[in-house]
Amino acid sequence: MLLTKDILDEKNPILRKKSKEVSFPLSEEDKQNIDKMVEYLRNSQIDEIAAKYSLRPGMGMSAVQIGVLKRYITIVHETEEGNFNTYIVINPKIVSESKEKIYVEDGEGCLSINRETIGIVPRCARVTVEGYDINGKKITIRAREELAIVFQHEIDHLNGILFVDKIDPKNPFKYKDTYRAI
Ligand code: CO
């Protein structure tokens with residue numbers, strides 16, 4: 001199973017590379033990677049398991065974060081206590097986005113960023129994501145609010161972008177009153 005130490009830190013230059021499109025059928029290795037990523041995210045959000053294995057909680061992970069430069073992402077979103085929705089998207093692409101912008105009031109986080117950060121990361125309040133499921137079937141996901149932010153964050157990873165890049169270093173709270181906090 002994946003542990004927190006297996007996730008690459010921002011100091012690793014691999015995280016700055018652009019991931020490559022994936023073709024189907026998926027390799028066994030990619031299927032196993034996906035299973036491990038989903039397992040980590042789910043376990044990390046279940047307190048007892050997270051404590052047992054010292055897992056840092058996370059909602060999303062892209063393949064590059066385990067050193068695989070391929071375009072797939074996994075998200076495990078807890079909709080209510082103990083109820084998780086899992087999203088696995090291969091070659092994800094944002095095909096439309098809202099004009100309205102939001103940000104995480106407490107600041108965004110990332111399993112690859114292991115330091116305190118401050119500032120606002122502007123994100124679209126709603127996005128439509130197209131991509132493929134593990135069988136190569138085309139899928140469309142409409143995401144809003146927190147889930148929309150996670151999709152944007154994970155797709156950024158595939159392009160070598162980290163959330164800290166989106167914070168204005170001169171004025172980290174520039175959009176505090178312009179955009180909506182969630
Ligand atoms: Co991240």
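Two rings of Phe, Tyr or Trp count as a pair if their centres lie within 6.5 Å. The structure holds three such aromatic pairs. The model is predicted.

## Aromatic pairs

One of the pairs joins Phe24 and Tyr132. The ring centres are 5.8 Å apart and the planes stand at 55 degrees, a tilted arrangement. Phe24 sits in the segment before helix H1 (28-44), and Tyr132 belongs to strand E6 (residues 126-132), so the pair ties together parts that are 108 residues apart in sequence. Phe24 is partly exposed, at 31% relative accessibility. Tyr132 is also partly exposed, with 28%.

Another pair is made by Tyr175 and Tyr179, with centres 4.7 Å apart and planes at 15 degrees, so the pair is stacked. Planes under 30 degrees apart count as stacked. Tyr175 counts as partly exposed at 27% relative accessibility.

## The cobalt site

Which residues coordinate the cobalt ion? The donors are Cys110 through SG, His153 through NE2 and His157 through NE2. Their distances run from 2.1 to 2.3 Å. Along the chain the donors follow the spacing C-x42-H-x3-H. Cys110 lies in the loop between strand E4 (101-103) and strand E5 (123-124), while His153 is part of helix H3 (residues 145-158), so the pair ties together parts that are 43 residues apart in sequence.

The cut-off for buried is under 20%.

## Cysteines

How many disulfides are there? The count is zero. Cys124 is in no disulfide, and its nearest cysteine sulfur, that of Cys110, is 19 Å away. A disulfide needs the two sulfur atoms within 2.5 Å. Cys124 is buried at 5% relative accessibility.

## Strands and sheets

Strands of a sheet pair through backbone hydrogen bonds, either parallel or antiparallel. Here, three strands form an open sheet with mixed pairing, in the order E5-E4-E8. E5 and strand E8 (180-181) are the edge strands, each pairing on one side only. E4 and E8 run parallel and are joined by two bridges. Across from Ile102 stands Arg180 in E8.

Other strands pair in the antiparallel sense. Strand E1 (residues 60-62) is joined to strand E2 (residues 72-80) by three bridges, and the two run antiparallel. Gly60 has Ile75 of E2 as its bridge partner. E2 also pairs with strand E3 (residues 83-97), antiparallel and over eight bridges. In that pairing, Val76 stands opposite Thr86 in E3. The hairpin of E2 and E3 has two residues between the strands. Gly82 in this hairpin takes a positive phi near 80 degrees.

## Salt bridges

The count comes to 14 salt bridges. Three of them are listed here.

| Salt bridge | N to O distance |
|---|---|
| Arg115 and Glu10 | 2.6 Å |
| Asp30 and Lys70 | 3.0 Å |
| Glu100 and Arg180 | 2.7 Å |

Take the bridge of Arg115 and Glu10. It links distant parts of the chain: Arg115 is in the loop between E4 and E5, Glu10 is in the segment before H1, and 105 residues separate them. Arg115 is partly exposed, with a relative accessible area of 45%.

Next comes the bridge of Asp30 and Lys70. Asp30 lies in helix H1 and Lys70 in the loop between E1 and E2, so the pair ties together parts that are 40 residues apart in sequence. Asp30 is buried at 4% relative accessibility. Lys70 is partly exposed, with a relative accessible area of 31%.

Glu100 is partly exposed at 29% relative accessible area. Arg180 is partly exposed at 33%.

What links Glu100, Arg126, Glu145 and Arg180? These residues are linked in a network of salt bridges.

Technical notes:
Residues are numbered from 1 along each chain as its sequence is written. This is a predicted model: local features need pLDDT of at least 70, side-chain atom pairs count only at pLDDT 80 or more; totals for chains, interfaces and linings use all residues. Side-chain values use heavy atoms; hydrogens and water are left out. Donors are N, O and S atoms within 2.8 Å of the metal (3.2 Å for Na, K and Ca); water is not among the atoms, so sites may look incomplete. Helices (H or I, at least four residues) and strands (E, at least two) are DSSP runs, numbered from the N terminus. Two strands pair if DSSP finds at least two bridges between them. Buried means under 20% relative accessible area, exposed over 50%, partly exposed in between (1.4 Å probe, protein chains only). Rings of Phe, Tyr and Trp (its six-membered ring) pair if their centres lie within 6.5 Å; planes under 30 degrees apart count as stacked, over 60 as edge-to-face and the rest as tilted. A salt bridge is a side-chain nitrogen of Lys or Arg within 4 Å of a carboxyl oxygen of Asp or Glu.
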